[in-house]
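Hello,

Here is the structure you asked for.

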Amino acid sequence: MRKNRRRKTFENVEVVDAGAKGKSVGKAPDGRVIFLTNAVPGDVVDVMTTNKRKAYFEGVATNFHTLSDKRTEPVCRHFGTCGGCKWQHMGYEHQLFFKQKEVENNLKRIGNLELPLSSPILGSKEQYFYRNKMEFSFSDSRWLTQEEISSDHEIENRNALGFHIPGMWDKILDIKKCHLQRDPSNAIRLEAKNFANAHGLEFFNPRKQQGLLRTLMIRTSSTGEIMVLVQFFQEDKANIVLLLDHLKDKFPEITSLQYVINSKGNDTIYDQEVICYAGRDHIFEEMEGLQFKINAKSFYQTNSEQAYELYKVTRDFAGLTGNELVYDLYTGTGTIAQFVAKNAKKVVGVESVPEAIEDAKANALHNNISNVDFFVGDMKNVFNDDFIAAHGQPDVIITDPPRDGMHKQVVEQLLNVAPLKIVYVSCNSATQARDLALMKEQYAVTQVQPVDMFPQTHHVENVVLLEKRI
């Protein structure tokens, strides 16, 4: 039977909540939830549905009868088109309220957990210009506004350097100013684009798979260092040198200038050779005197200042006295492992990405930390009885898995190992709640601390302390 996909219109809908994935929530006359992309709790709106599901609608607000007192004026000219900062029209104190609410709701409803009184969410001191890594895409067929499409004016130059339009892999929004990364990020991006235009360098066409300029990555650190990596689609030595020399001369503050030649179908660089053109092949991040070497492929928390707050919460929850053996699962480049090492007898880190473990070992050596060991392997295969027998029974386990959470076998092994404490760091409280539900018979949740790493978005980190039931 063919589904009825006709759009519906609902009038005077009160927006009552902000839900998962940053969408706001209203109620249809029949009681079904409506998820909205462009409203704020407290708005009263007319809605046109864009999708109908069995239990809910998806839609957009087409007319605003009442504007919420939770609203604020977005600072970015690209808000509403760029999908990067979807909550920029909501006051920051209200963003924090809904993030905390989502964490607590997920733990209670998905995990069915008994919770202690949650600590108030740790807000970010910097609400803009907080990201230390940004990636921009070149395109010769930029996204056009409705005004441009409707006008009779012929647009000769369609080159863009910016972000993908949400849901459109081949359309790039040309960014004039981004409020996510501190200067000189905007200046470098604009200079690269303007110089390329002035000298006729070809911007990439993803459909035709042709052109020279593919992506631009800029990394900054709290120490003031800057990495710039330009990704080219093909070997063109003269033009590559032309652009890189210009950036080097124009921005002498660049610590690391690198490039990649990538002719494959996607623009990931993890299987590509990164060539250092000028300066070092890395920059340094610093935290409590520890230095972490960041190369072009390294993972590092993208909000450096809030990463420090997150790691302090993790260390406090672990409650180390100097006598504990600590396991750090999903250790990445070993930042948490090294951050807690001075308070532990020994730390053992496990990670599936070999390059990350190489970075972890190099950083530990650089920081003169001798009581950490790092091992490579798929967590569900490595973290087994033989591993415990070889490296010791942990007193505390710290786990910081990817968004999908922990594999069920890893959860089962945690229960088998049964340390006194587990500190679970998560960027997805829904999958965190799912995992905690599997552990609640043996462990009680004794502390919960949400941490806002990404202002102007719905994303939130959460740290939970689990203590073994006696």
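N112 comes after helix α1 and has a positive phi, near 50°. Please bear in mind that this is a predicted model.

Helix α4 (residues 237-250) has 14 residues, which at 1.5 Å a residue should span 20 Å; its end C-alpha atoms are 20 Å apart, in agreement with that. Buried in α4 are I240, L243, L244 and L247. Viewed down the helix axis, the buried residues of α4 fall within an arc of 90°, so they line one face. An α-helix has 3.6 residues a turn, so residues three or four places apart point the same way. K237, A238 and D249 are exposed on the other side of α4. The cover over its buried residues includes α3 (185-198), β9 (213-220), β10 (226-232), β11 (256-261) and β12 (275-279).

L243 also belongs to the largest nonpolar core, which has 78 residues. With L213, L216, V228, V230, F232 and V347, L243 is one of those with the most contacts inside that core. Neighbours within four places in sequence aside, L243 is in contact with A192, F195, L201, L213, V230 and F232. Another core, of 36 residues, lies apart from the largest one and includes F383, F387, I388 and V445.

Regards

Definitions and conventions:
Residues are numbered from 1 along each chain as its sequence is written. This is a predicted model: local features need pLDDT of at least 70, side-chain atom pairs count only at pLDDT 80 or more; totals for chains, interfaces and linings use all residues. Side-chain values use heavy atoms; hydrogens and water are left out. Helices (H or I, at least four residues) and strands (E, at least two) are DSSP runs, numbered from the N terminus. The expected span of a helix is 1.5 Å times one less than its number of residues. Buried means under 20% relative accessible area, exposed over 50%, partly exposed in between (1.4 Å probe, protein chains only). The arc is that of the directions from the helix axis to the C-beta atoms. Contact means heavy atoms within 4.5 Å. A nonpolar core is a set of buried Ala, Val, Leu, Ile, Met, Phe, Trp, Tyr and Cys residues joined through side-chain atoms within 4.5 Å.
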